[in-house]
Amino acid sequence: MPPMKASNWQSLRGELDGRRGVQYWRSLEELAEQPKFAEFLADEFPRWHALWEAPVARRRVLKLMAASLALAGLTGCENQPEERIVPYVDMPEGLTPGIPRQYATSALIDGYAHGVLAQTHEGRPVKLEGNPEHPSTLGACDIFSQASVLSLYDPDRASAVKQRGHVAPYRNFLTDLQSQRRAWSASQGEGLAIVTGSLTSPSELAQLQALLARWPRARWHRHVAVDRGSLYDGTQQLFGTTVEPVYRFERARVVVSLDADFLQSQPGFLRYARDLMAGRRPRDNDNALTRLYVAEATPTITGSVADHRLRLRADRIEILARQLATALGIAGLKASEPALDDAWLSAVADDLRRQAPDVALVAGDQQPAAVHAIVQAINHRLGAYGNTVTAIEPVDASHRAMPLAALVEAMRAGDIDSLIVMGSNPAYNAPGELGFAEACGQVPWRCHFGETFDETARLMHWHIPATHPLETWSDARAHDGTISLLQPMIRPLHGGLTSLQFYRGLLDGVEGDPRELLMAFWRERDGNGDFEARWRRWLHDGMIADSAAAPGSVAPQPNWQNALPESAPTDAELVLQLSPDPALWDGRHANNGWLQELPRPLTKLTWDNALLIAPALAEARGLGEGDVVRLAVGERHVEVPVYILPGMPDDSVTLTLGHGRPGAGHVAEGIGSDAYRLQRVATRWAMPASLEATGEHRELATTQNHHAIEDRDLIRVASLETYRNNPRFAQHEIPHESLYPEPWPAERKSQYAWGMVIDLSSCIGCNACVTACQAENNIPIVGPEEVKRGREMHWIRIDRYFEGPLDDPQLVFQPVTCMHCENAPCEYVCPVGATQHTASGLNAMVYNRCVGTRYCSQNCPYKVRRFNWFQYTGQEATYSLPKAVQNPEVTVRAEGVMEKCTYCVQRIMRRTLDAELEGRGLNEGELQTACQQTCPTRAIVFGDLNREDSEVARLKEHPLHYAMLANLNVRPRTTYLAAVTNPNPALESSTTAMAVDQATHKARTTVGHYTPSAPSTDTSGGQRA
Amino acid sequence: MSHEPQPLLPRELTHARLTQRISDLVLHQRSPLGWWIALVICALLTLMLLVAIWVLFSTGVGIFGLNIPVAWGLPIVNTIWWIGIAHAGTLISAVLLLTRQPWRASINRFAEAMAMFAIVCAGMYPLLHLGRAEFFYYLLPYPDTMDLWPQWRSPLVWDFFAITMYLVFTSLFLFMSLLPDLATLRDRATHRFQQYFYAILALGWRGSATHWARYEKATMILAAVATPIVVTVTGIISLDLSVSIVPGYHFTIFPPYFVCGALFSGFSTVALLAVLLRSLFGLRDLVTDIHLDYLGRMMLLFGLAVTYAYTQEMFTAWYSGEDYYRYVYIDRWTGPYAPVWWSMIFCNAVLIQLLWFKRVRRSGIAMLCLALTSNLGMWLERFQIVFTSTHADYMPANWDINWPTGWDWAAYFGSLGLFGFLLLLFVRIMPLMSMHDMRALIALRRGGRDDG
């Protein structure tokens, strides 16, 4: 507000003189009755502006007085939420304290909605499950969604509005914003730049568009660390229009992936895993299995479940794509180099031709646009479009924005006056070459809106905390475009704002009610009447049913081949591939302890990232696991320990992103090396690099140290052909039965007999079950030092073995839970009887009886028991979890106590008691363990063996069914279905050889007895020294 | 055991001189400097043990080198080792008494004391190794309101009783054998305090014929009971391992194998103490090279028995046809713990062959060295059994390495210190040789009867 000018004094005096009676004035400005004062008032108190202006009526005065009197006492209370809360004196219908409730909402996976059901205990969300109705999840749940509950209660979350690092009230921000807005209005937004992350929310997009309409010269930039830009560019080049392909793998007979980890890291991965593996399960369909070919550099879970995996450096994938396209009759693609692998190429091409149009090719998001164009061209040529592939408009609207590089340039040039960063963290996860952080200094007004006070927030003048998705009213779209809703499970713990509120602040300078903002958007969009009922329906479903994007029809442009850029030269000696971390993704989950401690599917590394190198490279450079190397890209370098991963190309190394965050919080502090520092702007995902040993050594926190299966028949695999010839190949003869009579379990008569079957044909090793178990069963995290000592606490683990040649082995996954042996070896050795068998077949742990002799673990052949070596929970723990996240139905274990998988006994008890109270039997499928419920591929089947119609009882009779270590006569209740692969007979590969060997149960000599700490391929001993 | 005509006692030794020499050691002589040095060292080590225990109870059993799959570590190794050491003490007292071996007379007292203190050390570890040591009494069959009893099928319960009984028995046996000597000390003491002290402990022993008759009877009964205890305590502890289904633990040969191993280390420790104490207190004429010779023969006997057990263990692993068992063996030879296995073989099977030579058996310094290596070898044997068996058992995905931590070593060396501390105090307040047994030996010689 402008100060008074001297020339006004005269008129002021005159003004006062002219008045009669008692007159109060608040300031000289008011006295002057300048129009600017009115404007100032409107700005300062926008909400009360109308009230201020309204004439004062007698009735109104009385009303206000009465209200003031009535509300005076409330000032001592905490601010009440503006929405209706649940008053327990007046119990809502159907709510009983102690009974958890489920609400449909969505979790955001890099912006894409995964429909979830949030389980809340007395208004406190503790567990997310997949929403069975939602097309992206179909009831399954991924690790990120599961772990987001922990992030909700993260004490390091942004807790207040901050101005230059100091806590400030939000209204200060609005006041400051006011002058900015005026400036923007004056210049039509010139110099204003908005950076967003991925943007799939229709309502947010509308707000953003409104904002850009208000200030048309403002610039909109995107920054998504792991984006799909090259896919959009590729489809643009091919079809002339940007599309997002959505796959229907259940219709495919042959699937080819070119460096695409679509079972783990592409939008829709849960659904894709479900669809693909449904066609690869002999238990449902044993006459034909979907065949999967994968060509990739870094081994991924997709490559691990493939029938044929081609080890290929990331920058050579494009050559393979060109050659494959040429082999399939797409002319005009230059593929100058000799075929990379003739046999592979022709076998894949033949298979694709034979099975067209029931085929699907997928290209990795980190591959250049040309690969995407070629792959989609092949899909189109083979008739996959409309069958296994549908093209929809891109779900993520941020692809329309300008890239970040342009903004940094403008910032450097001083063209940007105001910078608003929303839901993105470019200061950490932009390519290091870009130098975003330095360029930031050039911008006079900077503001950050996000969930955490992260690296970017620290650079900004203003930081506005955003709500966690579980505190938010919002919407988002799923991988197929389905509109999904987010509703809050809990009042914002730290008073954050939803995105819509923040946009409202930007646009109008006011806060707005988060629910009203969202409803208003949809009410307007919905148009016709009875919106409320529909709204309630949508909220109940967690989404708007049948709102998937309509498939468009696409056709390649003529001569699209010519538009493709030349393939990059591939003569680099060593190529560094950067890839998102399977657990931390782009680094946003770095402060989440569950994810930090989640063993990565292939490396079983926790906490740290390591440079993945091939055994041959390790041998050539004399490197062992944990040896620190200096990895250099151009002038930038990081020092990082190496991890030797068989299956890596010999001339390629891989480093995962998301580690080494300086500003994530206490959990992430000092963990890992920041790979973004090496990232280039032009070629972000694969670049020439060099490495040299530093002579240092760092011990890595891995949960599995031995990688060969030592010819033991723990995992049984055969090819489809073998399976057809000998369906009972997995049945191995047990050498000798027990000499003693078997009292158990015949004497244990019970209504139920719980059992579990794990289908190794389905398991993709994605870890969803591990996180689900952690969330459900209050499993603590122990930190890197304890993991290094072999003390991780996961109740379910996924064993991963390499089979075959050292350089290019097959991988197999095997989830291992407590086997609940009928002749449990743990039970008879416990001196205090702390582990006992229940009548229904559970091997139960009595925590308060346990004294911690650990004899049970010593005697467990499966080693599934976990011990609380220290106080891992509560305040004393190094990594204590917030109490609020703990499932109230599961005991929190104390120091010195053994624990293990219980088959989710709390769920068993709740469901069986519910059924009993209702006087009925338990329905099949009503009771699910946490791991089973969350499994995207339905690999885990749990149920009652006493029921003849239960799926688990049916599978126990299946010819593929076998019990691990059955010869010990421990009679495990958790058993397995042998894996069946479907290799192409035209490719004589290790898979076939392995399968044949497995079937005939011969000793093999090619098993890679592999010792990671030594560069040699030591066949003796076999474990880490 | 053949009895050689060489004298176990100096010719000129009489009742009076013997009694004076032994009792003066306690009552009238000042402690030698070596004793003081040893006591200070042992006291410091004991202090270290106390610190380790304090840290253990305040932070958790995780301070030890333990993990999944190797959830038993040094505490279990040390328990078995200490129990083994204790055994020779009991055996010398009991079995040699029953079989009337006269050479035991000069060494049985400190052998018994050694047994007593070794059991104290052994009994301490199972408690330290518990996750929740404060609830150790859950292993007891005490009447509780929920009718909970221990789980009788678990060898750990048997263990608890075996060790407790052994402790009670050994202290009783030691005290019994001290009674006549305590009376001697009471009578010869000149200080008021010493007189009261030994008078109370002597329980009114007057040396009457009735006393002696009852004493002899009671000693023989205790000795007869002791023999099965020697076999069962280690046997039961070995069942902790062999009752399980872990390859490398599950061998039926374990009870006799462990008993032999226990006696091997026990005799080694007796030899060790004999050499040390006789030089510390100038008793070379009473603890002679002949005694060392006998001890050496016992060491050789049990060393060979242990070596035989090793071969049988390997044979069983091969003959079982079980890949898992065979693998455990191959892993012991070639895996990360291979140095432990080969050192054990070197100590227990190779070095022990030196004892075939009389010169070695009769050399104090050689016996001292062999006693040390044998004890080390037996410790390594327990180490490799406990560590290697579960570190690479059935499922390769679980295989992991585990090494003892600094706290493990603190607790181990601390227990050595505690053992030494107690033993050093014992030899200063109790006669370190059994005066009445020695007198009986002299009497035997005088009587011209040498019936062994």
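Predicted model: local features only at pLDDT ≥ 70, side-chain atom pairs only at ≥ 80, totals over all residues.
In chain A, four strands form an open sheet in the order β34-β27-β36-β35, and their pairing is mixed. The edge strands of this sheet are β34 (940–944) and β35 (961–962) of chain A, each of which pairs on one side only.

- In general, the strands of a sheet pair through backbone hydrogen bonds, and the pairing may be either parallel or antiparallel.
- Strand β27 (residues 754–759) of chain A and strand β36 (residues 974–977) of chain A are paired in the parallel sense, and four bridges join them.
- Within this part of the structure, A:Met756 stands opposite A:Thr974, which belongs to β36(A).

**Helix α20 of chain A**

- Helix α20 (residues 514–526) of chain A has 13 residues, which at 1.5 Å a residue should span 18 Å, and this agrees with the 18 Å that separates its end C-alpha atoms.
- Seen down the axis of α20(A), its buried residues fall within an arc of 95°, and therefore they line one face of the helix.
- The buried residues in α20(A) are A:Pro514, A:Leu517 and A:Leu518, and the buried residues of this helix pack against α8 (202–214), β17 (474–477) and α19 (499–508) of chain A.
- Just after α20(A) comes A:Gly527, which takes a positive phi of about 80°.

**Chain B as a whole**

- The secondary structure of chain B consists of 15 helices and zero strands.
- For the 452 residues of chain B the globule rule gives a radius of gyration of 22 Å, and the value for the chain is 23 Å, which is close to it, so chain B is as compact as a globular protein of that length.
- Taken along the principal axes, the box that the C-alpha atoms of chain B fill is roughly 70 × 55 × 40 Å.
- Of the 452 residues in chain B, 51% are buried.
- If one takes the contacts in chain B between residues at least 6 apart in sequence, 82% of them join residues that are at least 24 apart.

**One residue of chain B: B:Ser93**

- B:Ser93 lies in helix α3 (residues 74–98) of chain B, and it counts as buried because it has 29 C-beta neighbours inside 10 Å, where 20 or more are required.
- Apart from neighbours within four places in sequence, B:Ser93 is in contact with B:Asn108, B:Ala111, B:Glu112, B:Phe173, B:Ser177, B:Ala223 and B:Ala226.
- B:Pro126 is 33 residues from B:Ser93 along the chain, and the C-alpha atoms of the two are separated by 26 Å.

How values were computed
Residues numbered from 1 in each chain as written. Chains lettered and ligands numbered in written order. Helix = DSSP H or I, 4+ residues; strand = E, 2+ residues; numbered from the N terminus. Rg over C-alpha atoms; globule rule 2.2 N^0.38 Å. Buried ≥ 20, exposed ≤ 12 C-beta atoms within 10 Å, placed from the backbone. Contact = placed C-beta atoms within 7 Å. Expected span 1.5 Å × (residues − 1). Arc of directions from axis to C-beta. Pairing = 2+ DSSP bridges.
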